[in-house]
Amino acid sequence: MITNKKQFLIEIIKAIIKLIIAGILIGVLKQYDAIIAGILILKVLHNIYKEIISQKINKNWMLLIGMLLTGFGGIVGETWGVTNGYWEYHEVVRRLPLWLPFAWMLAFHYLYKLERNLIPLLSNQTQKNKIVLAIVLALILPAFGEVITIYLGVWTYYWPFQIFGVPLYAFICLVFVHMLVYTILHFTCKKYKINDIVFN
C-alpha cells in the first residue's frame with residue numbers, strides 16, 4: 001500500500017519529465033557526443049558534490065559506488081552488444097559514444113534517487129517491497145527513456161521481439177544490471193552496517 005498516492009504520483013511524473021528532457025537532449029545533440037559527454041560529466045560532478053562533498057555528515061558513498069559500478073557494467077555490456085551487432089549507434093565517428101559511461105552512471109543515480117523518494121511513501125517498507133519497487137522502476141523507466149532516444153535516431157536495436165523499438169532482451173538486461181548493483185550494495189551495507197533507506 002502507498003501512504004500518500006498524490007506524492008507518489010508527483011514523484012513518478014517528475015521522473016518521467018526528467019527522462020523526456022534527457023532523451024530529447026541526447027537525441028538533438030547525437031552528432032556531438034563530446035558535448036553530450038561534457039554535459040553529463042558536469043551532472044555527475046554536481047551529484048557527487050551535492051551528495052558527498054558538501055555533506056559534513058552522512059556522506060553518501062553508496063551512491064558513488066553504485067554510479068561507478070553501473071558505469072563500468074554498462075560499458076562492458078555496451079561493448080559486448082555493439083561488437084556482436086545487437087545494436088548500433090548512429091551519427092557518431094566511433095562505435096561507442098563518449099557520453100555512454102556517464103549516462104549509465106546517471107541512470108543509477110536517477111533510479112536510486114527515485115527509489116529513495118518513493119520508499120518512505122510505502123506503508124510496509126520491507127526488503128521484499130523495496131526489491132519489487134526497484135525491479136518495476138528498472139523495468140519501465142529506463143526503457144521509456146530508450147524509446148525516446150531510439151525514435152530520435154540515436155541508436156537501433158537488432159534484437160527481435162521489440163516494443164516501440166526496445167527488444168525484450170533489453171528490458172531483461174536493464175533490470176539485470178540494476179539489480180546486480182542493487183544486490184552488491186545491499187550486502188555491502190549489511191556487512192559494514194551502513195544505513196541506507198534503499199539498500200537496507
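**Figure 1. Secondary structure of the protein chain in the predicted model.** The chain contains 6 helices and 4 strands. Along the sequence these elements run in the order α-α-α-β-α-α-β-β-β-α. The radius of gyration is 17 Å, close to the 16 Å given by the globule rule for 200 residues, so the chain is as compact as a globular protein of that length. Its C-alpha atoms fill a box of roughly 45 × 35 × 30 Å along the principal axes. Of the contacts between residues at least 6 apart in sequence, 69% join residues at least 24 apart.

**Figure 2. The largest nonpolar core.** This core comprises 57 residues. Tyr89, Trp99, Phe108, Leu118, Leu137 and Phe199 have the most contacts inside it. Two or more core residues come from each of helices H1 (5-28), H2 (33-53), H3 (61-83), H4 (100-118), H5 (127-151) and H6 (168-192), and from each of strands E1 (87-89) and E2 (155-157). In soluble globular proteins, nonpolar side chains tend to be buried together. Buried residues account for 42% of the 200 residues in the protein chain.

**Figure 3. Surroundings of Phe108.** Neighbours within four places in sequence are left aside here. Phe108 is then in contact with Met62, Leu63, Gly66, Met67 and Thr70, as well as with His178, Val181, Leu185 and Phe199. Both Phe108 and Phe199 are among the core residues with the most contacts inside the core.

**Figure 4. Surface and charges of the protein chain.** The accessible surface comes to about 11,200 Å², and carbon and sulfur atoms contribute 71% of that area. The chain carries 18 positive and 9 negative charges, whose mean positions lie 12 Å apart.

Conventions: Residues numbered from 1 in each chain as written. Predicted model: local features only at pLDDT ≥ 70, side-chain atom pairs only at ≥ 80, totals over all residues. Heavy atoms only, no water. Core = buried A, V, L, I, M, F, W, Y, C linked by side-chain atoms within 4.5 Å. Buried < 20%, exposed > 50% of the residue type's maximum accessible area, 1.4 Å probe, protein only. Contact = heavy atoms within 4.5 Å. Rg over C-alpha atoms; globule rule 2.2 N^0.38 Å. Areas by Shrake-Rupley, 256 points an atom, 1.4 Å probe, with all protein chains shown as cover. Lys, Arg positive; Asp, Glu negative; His and termini not counted. Charge placed at Lys NZ, Arg CZ, Asp CG, Glu CD.
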